[in-house]
Amino acid sequence: MLLPEQFLLFHLSKMPMTHKRYFMLASFFILLLVSCKDGGVMSAQEQFGKNSWYFMALNSIQSGAEEDAIGYLKQGIKKSDDYFAKKCFEELSRFGSASDRVSTAQEMYKRFPDIDSLLRLVQELSNGKDFSQIVSLTANSKESFPPELTYHRLVALANEKKQGFAGEIEDWFIYEPITDYHQQYFDSYKETLLPSLLSKETIQCIKIRLSVYIRDYREAFSILAGVLQGQRNPSEWLVLQSQEMFSDIGKTFLYGTSNFIDIAQFMESSVKNVKEDTPDYVHFYLYFYAGRLYDKGLGTGNKKASDMFLAAMELAPTAANYDNALWYYLSLQLKISIAAAEDALKKYGSTIHDPWYYSDFFETMMLRYFTEGDWSGVLRCFSLIKNYADMETISRYAYLGGRLVQQELIDLDEFPLSFLEGVVGNKGKVPVQASERNKSAEASREGESETDSSGNNSELPLRDAFVQALFTIAYEAGGDLYYRLLAARQLDYSPSVVDQSLYQTKVLEDFTPDPNIETLLQGYMVFDLPEFIYETWRENSHVISLEMAQKISSFLSLSGVEVFAAQGLLLMSNAIFQPDTQTTEEMYRLAYPRLFSHEVAAAADEYELSEYLIYALIRSESFFDPDIESYAGAIGLAQLMPSTAGDIARKLKIKEYDLTDPQTNINFGCFYLAELIGRLDDSIIEALYSYNAGITNVRNWRRIFPDLPEDLILELIPFTETRNYGKKIVSSAAVYGNLYYGKSHNEVVDEIMFSDDEG
């Protein structure tokens, strides 16, 4: 049975956008009815009681009733809980004269003496050019200031012509991450104050950091070269730099010049100038950047780079530094050979701290196995990483390993019996019993028994049991959705099995939601303030429960406003990958909505395409943003290049068109996809590849590997973007087909990927 908000969302998805706002008003009334208490409807004020003043003020601000808003905010300051009283203070400090705003901010800081309140007060004092108060207020804080607050303090010190703050300026620029506030301050005082307070060398170092910040590495190198030339001992100067400065110097050497070998030798030789009391990061960065420079300068196979990365790993001051050095070491070994990379994994794989950091490396490694035809390598690598890689990588290697054994491209005689038996014995529990067809097929084999009650094959031949174990591992919760769908197909799980288990995932441990933030979001919904929701969620998503994310996503989706509906989609699509509780089908409906339903239905009918395929394409291309434009110039919902759109318009005999118009863009995109399907012998998956990478590339890939099934062809595509695109479309279409069109996930996967073969 659908919950009220799910019922409303279902019907809203079928309405044209022009009707949705009216429907939203009726929906809001219905939702109020279901919140009745003792037979009466609870008003928004009754629901929030003393904390309603803040939201009432926001409503008044939106309607232009400034005096009412001020009154509500003053009441909120007196009567609300501390969190909302502070919110009222913040809002009230933006009203009235300059002196009024300062006075309110002062009251807020007196009652809530924290950094946020101090910053708000300093902002108003800065507007009024009351620099002396800023200097006084920021003089003795023991807390680390955010960049904006430090900026205001340094501006105030400059205007007050205070003495002795050169060290503060230098520390801010040399020891802190660079921000726009640093650039703004430097631009304001580079010709006046800074030359009188800082040495020429310090100013040059600041320029280096600012150049790196905007990625002008050539300019940074030009300045750095001058600084080094002015040193009696450049190595001694280098090892005295701050961690932030050291990192920027390394980037400057890497991207600002091509003289890699000489600089690598300089970095390596500088180690001898490191003293006992030198911070740990100095050793790390010297070896780490020397390794990267040797790697770029000496090319594949050089031992110097490997030695430098190993030294950096040994001396890494943090787990993140270690993973960074190990990632580059593994990548260097992979450039040498697959065998070298596997040897490195044998030695150091168990020392990985953050598995997700290496996911792109393992993806690259998989591509190497496929492009070199080293099919057995997939299982070799799986045996090395199965205990410490991230779940999405595990599902990829397990699924593809099973498929390659099925296709008789891997000879299991190459592998130790202990490995095969270990995988079978530790394959995990199959969620639900396999389908009747699968059971009867297995039972019909001579000498084989049926599956047991859990779906595990207890007496299959080792090869078959091993393959099933790999697919079972690939299907486990937390794995990549695409490979889980394909694994379910290979395991022949019934639709009911997949429906019950597909949306299961790994749940965050030790998650604690912030009750104040969640109450704030609840208030935005109850008082119909959708414009505040997404930004609040984006800034605080790490303390917002999945249940609350579902509520606010549903509210945004029901708003009847395209921009809010798109925010609801984006919000939920991110939230389901960081869950504190198990995800549900209803949550996936929010992450996979059917926006622009009338336009999609019309195009699907005209070009004989499945609606779920069109929704998957639009969601993958643009996340339903009709105004989006890619860095390459693709426009709109279906992300069409202007040149492609011009060709389509000529074929459709349309002279005037606007690619930001949803109906036009969807119509053009569907025409183009249908045309590609026809040109590629009705292969939907190859048409999708062509949509992303061009039909010529797709035909070339198919000619090289004419006998491989489509799921293995995908892994051979040399473009990461196209590989991921294919996976996203297949996964999204399967979800859409199942959620809205009565299709099993397997049916949709078969339709898109395996229409011409057994798979």
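**Entry 1: salt bridges**

I began with R101 and E124, whose side chains meet in a salt bridge at 3.0 Å, N to O. This pair links distant parts of the chain, with R101 in helix α7 and E124 in helix α8, 23 residues apart. I note here that the model is a predicted one. Is each partner buried or exposed? At a relative accessible area of 21%, R101 is partly exposed. E124 has 5% relative accessibility and therefore counts as buried.

I then searched the whole structure and found 28 salt bridges. One of them joins the side chains of K86 and D114, at 2.6 Å from N to O. K86 lies in helix α6 (residues 82-92) and D114 in the loop between α7 (98-111) and α8, so this pair ties together parts that are 28 residues apart in sequence. K86, at 13% relative accessibility, counts as buried, while D114, at 27%, counts as partly exposed.

E710 is buried, with a relative accessible area of 6%. R702 is partly exposed, at 22%.

**Entry 2: helix α10**

Next I checked the length of helix α10, residues 147-159. Its 13 residues, at 1.5 Å a residue, should span 18 Å, and the end C-alpha atoms are 18 Å apart, so the two agree.

How many residues of α10 are buried? I count 11 of the 13, and the helix is mostly covered. The buried ones include E148, H152 and R153, along with L149, L154, V155 and L157. The cover over the buried residues of α10 includes α8 (115-127) and α9 (131-137) on one list with α11 (166-175), α12 (180-189) and α13 (193-197). After α10 comes K161, which has a positive phi, near 55°.

**Entry 3: positive phi**

K161 made me look for other cases. Most residues other than glycine have a negative phi. D492 has a positive phi, near 60°, and is not a glycine. I find D492 in the loop between α29 (481-491) and α30 (495-501). With 12% relative accessibility, D492 counts as buried.

F624 is another residue other than glycine with a positive phi, near 65°. F624 sits in the loop between α37 (611-622) and α38 (642-652). Its relative accessible area is 1%, so F624 is buried.

**Entry 4: α17 against α19**

Last, I looked at how helix α17 (residues 243-255) packs with helix α19 (residues 280-298). The angle is about 10° and the axes are 10 Å apart. Angles under 35 degrees count as roughly parallel, and α17 and α19 are therefore roughly parallel to each other.

Which residues make the contact? From α17 they are Q243, F246, S247, G250, K251, F253, L254 and Y255. From α19 they are Y281, V282, Y285, L286, Y289, R292, L293 and K296. Sorted by class, the contact of α17 with α19 has 10 nonpolar, 3 polar and 3 charged residues.

Notes
Residues are numbered from 1 along each chain as its sequence is written. This is a predicted model: local features need pLDDT of at least 70, side-chain atom pairs count only at pLDDT 80 or more; totals for chains, interfaces and linings use all residues. Side-chain values use heavy atoms; hydrogens and water are left out. Axes are lines fitted to C-alpha atoms, for helices over the stretch in contact, and angles run from 0 to 180 degrees between N-to-C directions. Helices (H or I, at least four residues) and strands (E, at least two) are DSSP runs, numbered from the N terminus. Angles under 35 degrees count as roughly parallel, over 145 as roughly antiparallel, 65 to 115 as roughly perpendicular and the rest as oblique. Contact means heavy atoms within 4.5 Å. Ala, Val, Leu, Ile, Met, Phe, Trp, Tyr, Cys and Pro count as nonpolar, Asp, Glu, Lys and Arg as charged, and the others, Gly among them, as polar. The expected span of a helix is 1.5 Å times one less than its number of residues. Buried means under 20% relative accessible area, exposed over 50%, partly exposed in between (1.4 Å probe, protein chains only). A salt bridge is a side-chain nitrogen of Lys or Arg within 4 Å of a carboxyl oxygen of Asp or Glu.
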